[in-house]
Number of protein chains: 4
Amino acid sequence: MCHRYRLVISCPDQLGIVAGVSSFITGHGGSITEASQHSDLETGRFFMRYEIRADSLGMTADSMRDAFLPIAQEFDMHWALTDTRQRRRMVLMVSRESHCLVDLLYRWTAGELDCDIAAVISNHDDLRSLVEWHAIPFHHVPVEAQDKAPAFAEIEGLVEAAQADCVVLARYMQILPPAICQRYAGRVINIHHSFLPSFAGAKPYHQAHERGVKLIGATCHYVTEELDAGPIIEQGVHRVSHCHTPSDLVRFGRDVEKAVLARGVRWHLEDRVLMHGNKTVVFA
Amino acid sequence: MCHRYRLVISCPDQLGIVAGVSSFITGHGGSITEASQHSDLETGRFFMRYEIRADSLGMTADSMRDAFLPIAQEFDMHWALTDTRQRRRMVLMVSRESHCLVDLLYRWTAGELDCDIAAVISNHDDLRSLVEWHAIPFHHVPVEAQDKAPAFAEIEGLVEAAQADCVVLARYMQILPPAICQRYAGRVINIHHSFLPSFAGAKPYHQAHERGVKLIGATCHYVTEELDAGPIIEQGVHRVSHCHTPSDLVRFGRDVEKAVLARGVRWHLEDRVLMHGNKTVVFA
Amino acid sequence: MCHRYRLVISCPDQLGIVAGVSSFITGHGGSITEASQHSDLETGRFFMRYEIRADSLGMTADSMRDAFLPIAQEFDMHWALTDTRQRRRMVLMVSRESHCLVDLLYRWTAGELDCDIAAVISNHDDLRSLVEWHAIPFHHVPVEAQDKAPAFAEIEGLVEAAQADCVVLARYMQILPPAICQRYAGRVINIHHSFLPSFAGAKPYHQAHERGVKLIGATCHYVTEELDAGPIIEQGVHRVSHCHTPSDLVRFGRDVEKAVLARGVRWHLEDRVLMHGNKTVVFA
Amino acid sequence: MCHRYRLVISCPDQLGIVAGVSSFITGHGGSITEASQHSDLETGRFFMRYEIRADSLGMTADSMRDAFLPIAQEFDMHWALTDTRQRRRMVLMVSRESHCLVDLLYRWTAGELDCDIAAVISNHDDLRSLVEWHAIPFHHVPVEAQDKAPAFAEIEGLVEAAQADCVVLARYMQILPPAICQRYAGRVINIHHSFLPSFAGAKPYHQAHERGVKLIGATCHYVTEELDAGPIIEQGVHRVSHCHTPSDLVRFGRDVEKAVLARGVRWHLEDRVLMHGNKTVVFA
């Protein structure tokens, strides 16, 4: 992929935003390769995302940011300009189940996820060999049921040391403490193994089997302090029937989980997901 | 479709059920055109459904029932033998929204639903002309918010007079009283406009929009006394995004609702749905 | 829906198109409610579609067109500005099968298709009553196998008299003559009952059954002189298995056909479909 | 999974097959855990598959085969009784693309594929490390464009030495010679990266892009001498739009390919796929 800048904006909707932004870019010779925008009529908020060829602009991301500042202020924007040459740093957290990890590592190897994987952290040591085969540091941080604080302190240190831009809970079966949720708000992505808001909490496939649903699902969302209640990024489902046991649901579920998580993570890394209260705008 | 008998059985699982039943049918020259079975390992219950060409048997459904009785008793079966020549009688209940009604009437006309539609009952008069164009009796039974009892007494009388085998709530926006739910247990089919158990109750599309889900759904289920909690027959979903308003969700939802309800009703009419506690076995 | 103008553009890609167009609209006070754009990197062609609140502009569509002309010329645009108050006029053509017709009529009644249905033309008289119940003129134009010219001359006259903006072949089982295809290029929409390019031509479900495919499909496309080869607007599929007969495929297919056709027709009516050689850009 | 026998039968349809088979099994105390059957009305052929708990029978698979022989002969059956304790031996063939291989190896590790992977053969050496990390022998057999015979002789030797029950072409980009196709008829599974019969042959995603389809697909099928024309086991699709380049299609396609191939391979290993002329019966 060629070198690009991504301009992502959220601001109160008003006349002239697109004209202002696009004239600014054109004025600097910028060639826009992808453009998305959305006006939310309920809240009166406007969202946009532009991809611009860096070589068409002939200036650094920093210069571009300086030049854009007056427009950003005029329209009271929340905004970011990212540079595809500055690769994101991602930390993966896993437990014992490997399906999401294997899938993300494959996609990363295949170039589908444009990031560095700085580290994998797990409360079990099972997946060390797989991770290390990919030449990624693996940290085993056991979590004691009686006192989880030391483990999470260590994890927070590791994430900080890794200079992580985002953390992906790829079936990490522990609940993050509020402090980490707040510190990394909008940057911790979880995959929940149910079609939320149905079956939040533990053992969702067993809950689904018990209720006799005909479709099971998975939900990729940003982590917030409230369990399984953060902004949803992506969801998927799989058909099941009376002849499937809970362990069949678990098996089908693995396929949905990894696909849904992979889409969510890719979109996040490409700055396609914008928070909007407890919801998301996804320019997929 | 040629003349058939359908034998539907549920009983405690044990050795020899299939051998016993299939030997009985073969012994009478019966040609089985479709066979389905399911052993539920958790509950130890066995379910089966056979379609048999009536002309291969050379006996009436009643004689067949008599002949089968000893086997049914031996295996402690809940069972029914239905005759495709004895068409089911269905009563539809609707409110103002016509999408499910239009769809069911089309399918009925096209021969997809093997039944007589004995009557359509509505708490509004809006859909009278559509129904009467199909030469089906239409009954307008307004329901007073302050005192619903007289309306439901009238409805119960109409259903009884129609000699209905089943009642389909095709977006009937009233809650049936417990007495009717009990009297017609396993024979009242509802379509709920959400992916249950998410968003039970009122205005599910608005709830879904509020939560920011990425898929909306619909659920066809048998009505029980507990609102939106009966055995699920079928479910479906439709993808939505941030750019869809609640009214877009309502529009997409109509398509899911009518498709899901139509499948549920067809399966019910073909004796493909077997109750199993608060779940269903569906031999689709 | 409130009164809107829709500006649809296709032109060679170059710097400044978005800036030019959006500045023009902003300069006239125009409030953009929906914006889509696409750069095709292979062909270097640019496509865009804007929805603008008419009341924000304070000028008629004609004045707007005049004002826009210099920009259109500067960028060598193929373009159109449509006014949602000027409802499209649609002619439906059907044969004996009613599923697509019933579906389109329902959606039209429900307000999902923003157009007038000027007439329904059929080579059979079967669906007259259904059409006339909707207070739409029905024309029975039998097509003689030996000499189809008179029928198509009559049809062309009816379409012209109806002042049709578009013609929808809702399972019309005749092949339109080249003259009509050319005259109404980009305005005749067909539903083909296979997942094109598989199974073009006659009896596609039987072809699909013969080949043993596990999914069947339907394809909505613009009609060109070459049979079943025009630009594809939309496609859908339905799962089938060994236990389904050709007539089951036909039944499942009806559901796919009507859903796919309805989406294609709606998008066409909303100016969301732009031709691009033998392909389409669909701003859905 | 507990120890089971699987009885798979195909024979001319006639009265008494189910009764005969089920009475035989019951007579030996056999507990049937799963039963599927299908009568093909067009060809008059009957198919069935039973899973039986081995411990309920108290005899070896060989004794069971001897005991069953008279029934098999009476009904002129093609049949097989397999023993889940005798694990199948599978050989995988790959080229440079790893997505199907990574997926199959994950599923194998997770216990989703009940087989031994005897070897991986490739015409490139790229995937050696991945395969050997899984402790599976890897054979690099380059194929010379001018003279492929020596390579395929070596491959045939390797497959034979591996005592392979089946061969899976997991994106192996070479065409197998007729001799191998015949020798392993019904035991070589391929994944083709298009929704067959559309886009057989080379570069299907580019063909699909060129045609402007709105869904792309993949097809898992048994290999026959005619390229991409063998019996279809499973298919899947993924939605695409005008904004996707051929390389996007390739990326989406990888997800469909691996999912479809994995289902096909699993069903094959579980004796759920029965050949029926150039079609399959899949008791999924």
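**D:Ser39 and the copies around chain D**

Mentor: Let's start with D:Ser39, which lies in strand E2 of chain D, residues 32–40; strands are DSSP runs of E with at least two residues, numbered from the N terminus. This is a predicted model, where local features need pLDDT of at least 70 and side-chain atom pairs count only at pLDDT 80 or more, while totals for chains, interfaces and linings use all residues. Residues are numbered from 1 along each chain as its sequence is written, and side-chain values use heavy atoms, without hydrogens and water.

Trainee: Why is D:Ser39 called buried?

Mentor: Buried means under 20% relative accessible area, with a 1.4 Å probe and protein chains only. D:Ser39 has 13% relative accessibility, so the residue counts as buried.

Trainee: What does D:Ser39 touch, leaving out residues up to four places away in sequence?

Mentor: Its contacts (heavy atoms within 4.5 Å) are B:Ile32, D:Asp13, D:Arg45 and D:Phe46.

Trainee: What makes the link between the side chains of D:Ser39 and D:Asp13 a polar contact?

Mentor: The term asks for a pair of N or O atoms within 3.5 Å, one able to donate a hydrogen and the other to accept it. Here the distance is 3.3 Å, and the pair counts as a polar contact.

Trainee: How do you know that chains D and A are related as by a two-fold rotation axis?

Mentor: Chain D is laid on chain A by a turn of 180 degrees and a shift of 0.0 Å along the axis, with an RMSD of 0.0 Å. The two copies are therefore related as by a two-fold rotation axis. The superposition is by least squares on C-alpha atoms of residues with pLDDT of at least 70 in both.

Methods: Chains are lettered from A and ligands numbered from 1 in the order in which they are written. Helices (H or I, at least four residues) and strands (E, at least two) are DSSP runs, numbered from the N terminus. Buried means under 20% relative accessible area, exposed over 50%, partly exposed in between (1.4 Å probe, protein chains only).
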